Amino acid sequence: MVPGTVNELSAHDRMILDLEKTEHTSAARDALCRLIELPLDKYIVVLEGIVDTDAAYSYAPDVVNRVRHLRAERFAFERRHGRWKNPRS
């Protein structure tokens, strides 16, 4: 995790975390992306970067835990289906 305090989150970071706290529908994400001028295809990349910070965990631990859990499940699925090869094997 990247150390930081809640005060180090930008206004956009907080808006993304707030959206994920309350309503994480595709329509809501699209509206937020238009508002903050973030390309929709970059939203998940930005969200996953935010959740790797201590600041995000301090601000929205439920969102951070959910996103990390989903990411871990996605990686496990990829490994089970041979898409992530262990370089040592």
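Which residues have the most contacts inside the largest nonpolar core? They are I16, L17, L32, L38, Y43, L47 and I50, in a core of 19 residues. A nonpolar core here is a set of buried Ala, Val, Leu, Ile, Met, Phe, Trp, Tyr and Cys residues joined through side-chain atoms within 4.5 Å. Helix 1 (11–22), helix 2 (26–36), helix 3 (43–50), helix 4 (54–59) and helix 5 (61–80) each supply at least two residues of this core. Helix 2 gives the largest share, four residues. In soluble globular proteins, nonpolar side chains tend to be buried together.

The model is predicted: local features need pLDDT of at least 70, side-chain atom pairs count only at pLDDT 80 or more, and totals for chains, interfaces and linings use all residues. Residues are numbered from 1 along each chain as its sequence is written, and side-chain values use heavy atoms, with hydrogens and water left out.

The protein has five helices and zero strands, in the order α-α-α-α-α along the sequence. Helices (H or I, at least four residues) and strands (E, at least two) are DSSP runs, numbered from the N terminus. Of the 89 residues, 28% count as buried; buried means under 20% relative accessible area, exposed over 50%, and partly exposed in between, with a 1.4 Å probe and protein chains only. Among contacts (heavy atoms within 4.5 Å) between residues at least 6 apart in sequence, 52% join residues at least 24 apart.

Helix 1 has twelve residues and should span 16 Å at 1.5 Å a residue; its end C-alpha atoms are 17 Å apart, which agrees. The expected span is 1.5 Å times one less than the number of residues. Within helix 1, D13, I16, L17, L19 and E20 are buried. Seen down the helix axis, these buried residues fall within an arc of 155 degrees, so they line one face of helix 1. The arc is taken over the directions from the helix axis to the C-beta atoms. A11 and T22 are exposed residues on the face turned away from the buried side of helix 1. The buried residues of helix 1 pack against helix 2, helix 3, helix 4 and helix 5.

Helix 3 has Y43, L47, E48 and I50 buried. Viewed down the axis of helix 3, its buried residues lie within an arc of 160 degrees, so they line one face of the helix. Their cover includes helix 1, helix 2, helix 4 and helix 5. Y43 itself, leaving aside neighbours within four places in sequence, contacts I16, L19, E20, R29, L32, C33 and L38.

The loop between helix 2 and helix 3 holds E37 and L40. E37 has phi near 55 degrees, a positive value in a residue other than glycine, and counts as exposed at 73% relative accessibility. L40 is partly exposed, with a relative accessible area of 45%. Not counting residues up to four places away in sequence, L40 touches R29, D30 and C33. L40 and R29 are eleven residues apart in sequence, with their C-alpha atoms 7.7 Å apart in space.

What remains is the rings. The charged end of K21 sits over the ring of Y59, 4.4 Å from its centre, and R74 lies over the face of F75, at 5.8 Å from the ring centre. A charge sits over a ring if NZ of Lys or CZ of Arg is within 6 Å of the ring centre and within 35 degrees of the ring normal.
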